[in-house]
Amino acid sequence: MEDIYAKFVSQKISKTRWRPVPPGSLQTADTFAAGSWDNEENYVSLWSIGDFGNLDSDGGFEGDHQLLCDIRHHGDVMDLQFFDQERIVAASSTGCVTVFLHHPNNQTLSVSQQWTAAHYHTGPGSPSCGSAPCTGIVCSNPEIVTVGEDGRINLFRVDHKEAVRTIDNADSSTLHAVTFLRTPEILTVNSIGQLKIWDFRKQGNEPSQILSLTGDRVPLHCVDRHPNQQHVVATGGQDGMLSIWDVRQGTMPVSLLKAHEAEMWEVHFHPSNPDHLFTCSEDGSLWHWDASTDVPEKSSLFNQGGRNSTFLSHSISSQTNVHQSLISSWLSTDPAKDRIEITSLLPSRTLSVNSLDILGPCLVCGTDSEAIYVTRQLFS
């Protein structure tokens, strides 16, 4: 079991993100941002992880996360992404998107840019401009893409006051999350179980591709793209299932993995070790999925500290003609070869685990139990 340290922060945490380390740098993650929700006042905060190992009064370990600075945030923090080393982009339940600037000299955060009505409801029955939550953001310098409950997609550029491109009626349902597939292409997931691919090089408001689970309208809450193989995508939804997709093939997932007992809020491939994947859920669990080929033979497909999980997989397409070494371990369609090991990372069930992020050997997650958990030894 990895050593994981808790810090109680007196607010429900909706999002946690590591600050990226400079390219080529050998340093490990040492600073993360957090956003809160469902509190009387919400904040975006920046934390430094110090030396761990101090025993608290209860004899348990207390992670020495130091608060560097925080700033009030209007509305719930719905998503949070680092734009670069100094800037953090926050999505609000008010429909506003804010870029915060960190000033390391005096450890403060300030608002450097804001698009106040990025997402809003229009039409009969809604106020002249009723705000709609901005539910997801993804950054690729100099661009920021936002999606919202209003089914709108915005493409912003830092230092531009207006959106560079807006797809107004991109979706008739709520868009929950967005990721870049490659620079001009994004992928969104929505509340009726669809993945849609959009190409900003094309005019018009139509997606270039739609994928979905046949028959199911289970809302999808989260998506992540494999860091090396851009056609491999993982999603999680309201039923707690983990779905792996190959967007080059067909319109259905390559495999469905029975996972959490409630909504899956986030899924992330490890950025430099993508045979490892991490998920968190409303059911209070945080899981590490290991699909690396050097996993020793398991007595069962899933070995999760004594807890039994069932494995559900269905092969959509035969991939025997593809050179084996090119196939991501996540696309293997033979369950007997999958040998996926699941480890539960939190010592005990908690309230909802809303967010997680990994960088190198470090993981951070935020919960409704007002605790932030950090480990620096994921693979020890």
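Two strands count as paired if DSSP finds at least two bridges between them. The exercises below use this rule on a predicted model.

**Exercise 1. The overall make-up**

Task: State how many helices and strands the chain has, and what percentage of its residues count as buried.

Solution. Step one, the elements: the chain holds 1 helix and 32 strands. Step two, the burial: 55% of the 380 residues count as buried. Step three, the contacts: among those in the chain with a separation of 6 or more, 53% are between residues 24 or more positions apart.

**Exercise 2. The neighbours of β16**

Task: Find which strands pair with β16, in which sense, and over how many bridges.

Solution. Start with β15, residues 143–148: this strand pairs with β16 in the antiparallel sense over 5 bridges. Within this pairing, Glu-143 stands opposite Arg-157 of β16. The hairpin of β15 and β16 has 4 residues between the strands, and Gly-151 there takes a positive phi near 70 degrees.

Next take β17, residues 165–167, which pairs with β16 in the antiparallel sense over 3 bridges. Here the bridge partner of Leu-155 is Arg-165 in β17.

Finally, check the cover on β16 itself, residues 153–157: 4 of its 5 residues are buried, and the strand is mostly covered.

**Exercise 3. Aromatic rings and charges**

Task: Classify the ring pair of Trp-18 and Phe-32 as stacked, tilted or edge-to-face.

Solution. A search of the whole structure gives 5 aromatic pairs. In the pair of Trp-18 and Phe-32, the ring centres are 5.6 Å apart and the planes stand at 85 degrees. Planes over 60 degrees apart count as edge-to-face, so the pair of Trp-18 and Phe-32 is edge-to-face.

Now place the two residues: Trp-18 belongs to β2 (residues 13–18) and Phe-32 to β3 (residues 31–36), 14 residues apart. For burial, the cut-off is under 20% relative accessible area. Trp-18 counts as buried because its relative accessibility is 4%, and Phe-32 is buried with a relative accessible area of 0%. Ring pairs also bring in Trp-47, which forms a cluster with Trp-18 and Phe-32.

Lys-12 lies over the face of Trp-37, 5.8 Å from the ring centre. Arg-152 lies over the face of Tyr-120, at 4.0 Å from the ring centre.

**Exercise 4. The surroundings of Asp-79**

Task: Decide whether Asp-79 is buried or exposed, and which backbone nitrogen lies 2.8 Å from a polar atom of its side chain.

Solution. Asp-79 is found in β8, residues 77–82. Its relative accessible area is 7%, so Asp-79 is buried. The backbone nitrogen in question belongs to Ile-137. Leaving out residues up to four places away in sequence, Asp-79 touches several residues, including Lys-15, Arg-17, Val-89, Thr-135 and Ile-137.

Conventions
Residues are numbered from 1 along each chain as its sequence is written. This is a predicted model: local features need pLDDT of at least 70, side-chain atom pairs count only at pLDDT 80 or more; totals for chains, interfaces and linings use all residues. Side-chain values use heavy atoms; hydrogens and water are left out. Buried means under 20% relative accessible area, exposed over 50%, partly exposed in between (1.4 Å probe, protein chains only). Rings of Phe, Tyr and Trp (its six-membered ring) pair if their centres lie within 6.5 Å; planes under 30 degrees apart count as stacked, over 60 as edge-to-face and the rest as tilted. A charge sits over a ring if NZ of Lys or CZ of Arg is within 6 Å of the ring centre and within 35 degrees of the ring normal. A polar contact is a pair of N or O atoms within 3.5 Å; within protein, one must be able to donate a hydrogen and the other to accept it, and residues adjacent in sequence count only if both atoms are side-chain atoms. Contact means heavy atoms within 4.5 Å.
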